[in-house]
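User: Hello! I am new to this structure and would like to walk through it with you. Could you take my questions one at a time?

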Amino acid sequence: MSTDPSSDLDEQVAIVTGASSGIGEATAEALASRGASVVLAARRENELDALADNIEADGGTALSVPTDVTAEDDIDALVESTLDAFGSIDILVNNAGVMLLEPVERADRENFRQMVEVNLLGLMNLTHAALPVMQEQGAGHIVNISSTAGRNANANSSGYNATKFGVNAFTEALRQEVTTEGVRTTIIEPGAVDTELPDHIPDDEIKEQLEAGLLDSMTPLQSEDIARAITYAVTQPQHVSVNEMLVRPTDQQR
Ligand code: NDP
């Protein structure tokens with residue numbers, strides 16, 4: 001294994017979903033800076049292209065593949081494009097997510113559907129599509145972005161909680177199925193991270209409460225803090241499987 005941290009992911013190919021902003025963008029940059037060829041997936045093509053240009057300008061390798069993780073054709077095309085360009089899939093970071101917080105009684109069923117389709121079903125389907133490649137290689141690493149909301153349920157977060165609890169359950173079951181084949185899994189559970197995630201909350205009252213809480217009562221994590229945790233997990237020797245990482249801002253109580 002290389003002792004130079006800037007090249008310890010050389011020869012590795014990483015798909016990162018939700019790479020157009022926030023944690024996904026920072027993770028793609030971090031993995032590329034360690035030598036990985038990164039495949040950038042999300043819906044906003046301009047943002048992906050701009051990120052790919054930045055990574056390439058810094059000497060890295062990046063491919064932008066516009067992808068809606070709720071569309072099975074897009075998921076299959078993402079895997080095929082990755083294999084066509086780079087020939088393997090060593091790391092899959094299932095990061096795409098939406099957090100549409102609402103109390104159940106006022107919730108729009110369309111928002112329930114979207115959270116399940118993006119946060120849970122998209123992650124499951126892309127894992128399903130990439131897993132045979134990793135099994136064939138006898139190695140691979142699937143990193144699934146859950147949340148503190150995957151451990152603790154809270155009022156007004158029922159749908160989001162359900163998807164993140166689902167991510168944890170799916171990942172642990174998957175781990176038991178494939179770990180002896182050399183395929184590693186990591187659940188990442190961030191606390192509050194300063195990203196555009198809350199911008200899409202449909203309930204103004206909840207959105208304001210959350211934003212006020214974030215700004216007034218704590219110093220939130222930055223996307224780079226989570227990217228560092230992910231980089232730690234995927235740069236361990238093959239015999240070390242970091243299965244779960246819970247990372248909160250120091251002043252976040254719950
Ligand atoms: P952002 O809103 O910045 O990022 C979300 C990403 O998901 C975007 O790149 C968006 O890209 C992508 N996305 C949304 N819908 C789809 C879709 N249908 N297909 C493909 N990509 C999609 O927020 P974060 O960086 O904070 O969120 C990343 C992950 O981290 C999420 O899973 C979130 O639940 C989790 N998380 C975040 C926390 C926080 O406090 N911010 C705390 C705990 C967990 P595009 O719109 O271009 O498709």
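User: Where does E11 lie relative to β1?
Analyst: Happy to start there, and please keep in mind that this is a predicted model. The strand β1 covers 13-17. E11 is in the segment before β1.

User: Is E11 buried or exposed?
Analyst: The cut-off for exposed is over 50% relative accessible area. E11 has a relative accessible area of 74%, so this residue counts as exposed.

User: What is the phi of E11?
Analyst: Most residues other than glycine have a negative phi. E11 is not a glycine, yet its phi is positive, at about 75 degrees.

User: Which loop holds N156, and how accessible is N156 there?
Analyst: N156 sits in the loop between β5 (140-145) and α5 (158-178). Its phi is positive too, about 75 degrees, although N156 is not a glycine. N156 is partly exposed, with a relative accessible area of 30%.

User: How far is A155 from L101 in space?
Analyst: A155 belongs to the loop between β5 and α5, and this residue is exposed, at a relative accessible area of 70%. Along the sequence, A155 and L101 are 54 residues apart. From C-alpha to C-alpha, their separation in space is 9.4 Å.

User: Is T148 buried or exposed?
Analyst: T148 has its place in the loop between β5 and α5. Leaving aside residues up to four places away in sequence, T148 touches E189, P190, G191, L246, R248 and Q252. Buried means under 20% relative accessible area. With 12% relative accessibility, T148 is therefore buried.

User: Let's turn to the helices. How are α1 and α7 oriented to each other?
Analyst: Helix α1 covers residues 22-33 and helix α7 covers residues 223-234. Their axes come within 8 Å and cross at roughly 50 degrees, and the crossing is right-handed. The two helices are therefore oblique to each other.

User: Which classes of residue make up the contact of α1 with α7?
Analyst: On the α1 side are G22, I23, A26, T27, A30 and L31, and they meet S223, E224, I226, A227, I230, T231 and V234 in α7. Sorted by class, this contact has eight nonpolar, four polar and one charged.

User: What span is expected for α7?
Analyst: Helix α7 has twelve residues. From its first C-alpha to its last, α7 reaches 17 Å.

User: What covers the buried residues of α7?
Analyst: The buried residues of α7 are S223, I226, A227, A229, I230, T231, A233 and V234. Their cover includes α1, as well as several strands. Those strands include β4 (91-94), β5, β6 (183-190) and β7 (244-247).

User: How far apart are the C-alpha atoms of S223 and H239?
Analyst: S223 is found in helix α7 and is buried, with a relative accessible area of 7%. Beyond residues up to four places away in sequence, S223 touches G22, I23, A26, V193, D194 and T195. H239 is 16 residues away from S223 along the chain, and their C-alpha atoms are separated by 28 Å.

User: How is α4 oriented to α5?
Analyst: Helix α4 covers residues 109-137, and its axis is 8 Å from that of α5. The two pack at an angle of about 15 degrees. Angles under 35 degrees count as roughly parallel, so α4 and α5 are roughly parallel.

User: How many residues of each class are in the contact of α4 with α5?
Analyst: The α4 residues in this contact include F112, M115, V116 and L120, while those from α5 include Y160, K164, V167 and F170. The contact divides into twelve nonpolar, seven polar and one charged.

User: What is the handedness of the crossing of α3 and α4?
Analyst: Helix α3 covers residues 72-86, and its axis comes within 10 Å of that of α4, crossing at roughly 35 degrees. E72, I75, D76, L78, V79 and L83 in α3 meet G122, N125, L126, A129, A130 and V133 in α4. By class, these are eight nonpolar, two polar and two charged. As for the crossing of α3 and α4, its handedness is right-handed.

Notes
Residues numbered from 1 in each chain as written. Predicted model: local features only at pLDDT ≥ 70, side-chain atom pairs only at ≥ 80, totals over all residues. Heavy atoms only, no water. Helix = DSSP H or I, 4+ residues; strand = E, 2+ residues; numbered from the N terminus. Buried < 20%, exposed > 50% of the residue type's maximum accessible area, 1.4 Å probe, protein only. Axes fitted to C-alpha atoms, helices over the stretch in contact; angles between N-to-C directions. Parallel < 35°, antiparallel > 145°, perpendicular 65-115°, else oblique. Left-handed = near helix turned anticlockwise from the far one by under 90°. Contact = heavy atoms within 4.5 Å. Nonpolar A, V, L, I, M, F, W, Y, C, P; charged D, E, K, R; others polar. Expected span 1.5 Å × (residues − 1).
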